[in-house]
Amino acid sequence: MHDGSSVAIVGQGRLGGALTAALRDAGVAVQGPLGRGADGAGADVVLLCVPDGEIERAAADVAPGRPVGHCSGATTLAPLAGHEAFSLHPLMTVPDHGAAFAGATAAIAGATPRAVDAARDLADRLGMRAIEVADDDRAAYHAAASMASNFLVALEGAAEELAATAGVDRAALVPLVRATVENWAAAGAERALTGPIARGDEETVARHRAAIGAKAPDLLAL
């Protein structure tokens, strides 16, 4: 891409809308978000913000001759065959009201140098940190992202359930969780671990397990 390049966003879901708004705010000429069947004609780059299973079909509708990308974390470049393929996956959640992309990481890949440059330039314009993730590593990368986000939510849901049996609400746990995440971000998992496990206090851990078995036995395996 270059200054003055235009981007067509295909996909009218949350991500398509959020990327369209953010790129416009960054001064990029954007078409869209466009609906099903859009060919991206007139744009220098086409970015598909559609569900994984619809990428190949959406790519087939796009006029050839320009880099075409998708925003899937786990999908390789294969569904974009026939195009100068790239991917741009924002490593973040996108809520209904939009998103601020600046400061987040974007996993990128490209089948040609021009395609990689298109992905990197889009990330730069959004204020994101671009890291290249090869096709062979996409599944592991996306699994790690899912663990970091969804596993954390599931674990905090379990803590919330157990705390409720002691009359403690979710709000009481929030400062602890935030501090723990910040410690992990700064120092890594080994140094961020605290409490009876880190101290080797097996007696306290045994009391924990007994309490969980009595009050929330469905959580004991976890």
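This report walks through the sheet, the pockets and the salt bridges of one protein model.

## Before you start

What you have here is a predicted model, in which local features need pLDDT of at least 70, side-chain atom pairs count only at pLDDT 80 or more, and totals for chains, interfaces and linings use all residues. Residues are numbered from 1 along each chain as its sequence is written, and side-chain values use heavy atoms, with hydrogens and water left out.

One naming note: helices (H or I, at least four residues) and strands (E, at least two) are DSSP runs, numbered from the N terminus.

## The sheet

Let's begin with the strands. There are 7 of them in an open sheet, ordered S2-S1-S3-S4-S5-S6-S7, and the pairing is mixed. Two strands count as paired if DSSP finds at least two bridges between them. In general, strands of a sheet pair through backbone hydrogen bonds, either parallel or antiparallel. The edges here are S2 and S7, each with a single partner strand, so one side of each has no neighbour in the sheet. On average, neighbouring strands are turned by 25° against each other, direction ignored. For such angles, axes are lines fitted to C-alpha atoms (for helices, over the stretch in contact), and angles run from 0 to 180 degrees between N-to-C directions.

Now for some of the pairs. Strand S1 (residues 6-10) runs parallel to S3, with 4 bridges joining them, and Ile9 stands opposite Leu47 in S3. S3 also pairs with strand S4 (residues 67-70), in the parallel sense, over 3 bridges; here Leu48 has His70 in S4 as its bridge partner. Further along, strand S6 (residues 105-110) and S7 run parallel and are joined by 4 bridges, with Ala106 opposite Ala130 in S7.

## Two details in the strands

S3 is worth a look for its side chains. Val45 and Leu47 point one way, Val46 and Leu48 point the other way, and all are buried. Buried means under 20% relative accessible area, exposed means over 50%, and partly exposed is in between (1.4 Å probe, protein chains only). As a rule, side chains in a regular strand alternate between the two faces of the sheet.

Over in strand S2 you'll find Pro33. The peptide bond leading from Gly32 to Pro33 is cis, with omega near 5°.

## The pockets

A quick word on how pockets are found: on a 1 Å grid over the protein atoms alone, a pocket is an open set of points with protein on both sides within 12 Å along at least five of seven lines, where a cavity is a set of points where a 1.4 Å probe fits but cannot get out; lining residues have an atom within 4 Å of a point. Grid points are joined across faces, edges and corners, and a volume is the space filled by probe spheres set on the points. The largest pocket holds about 1,900 Å³ of space. Its lining has 38 residues, and Leu155, Glu156, Ala159, Thr180 and Leu193 lie nearest its centre. Helices H4 (138-164), H5 (170-187), H6 (189-192), H7 (196-199) and H8 (202-215) each give two or more residues to this lining, with the largest share, 11 residues, coming from H4. The lining divides into 28 nonpolar, 7 polar and 3 charged residues. (Ala, Val, Leu, Ile, Met, Phe, Trp, Tyr, Cys and Pro count as nonpolar, Asp, Glu, Lys and Arg as charged, and the others, Gly among them, as polar.)

The second largest pocket has about 720 Å³ of space. It is lined by 27 residues, and Cys71, His89, Pro90, Met92 and His142 are the closest to its centre. H4 turns up here too, giving the most to the lining with 8 residues. By class, the lining has 15 nonpolar, 10 polar and 2 charged residues.

## Salt bridges

A salt bridge is a side-chain nitrogen of Lys or Arg within 4 Å of a carboxyl oxygen of Asp or Glu, and the whole structure has 6 of them. One joins Arg36 and Glu54, whose closest N and O atoms are 3.5 Å apart. Arg36 is in the loop between S2 and S3 and Glu54 in the loop between S3 and helix H2 (55-60), so the pair ties together parts 18 residues apart in sequence. Arg36 is exposed at 70% relative accessibility, while Glu54 is partly exposed at 24%.

Another links Arg170 and Glu160, with 2.9 Å between the closest N and O atoms. Since Arg170 lies in H5 and Glu160 in H4, this pair ties together parts 10 residues apart in sequence.
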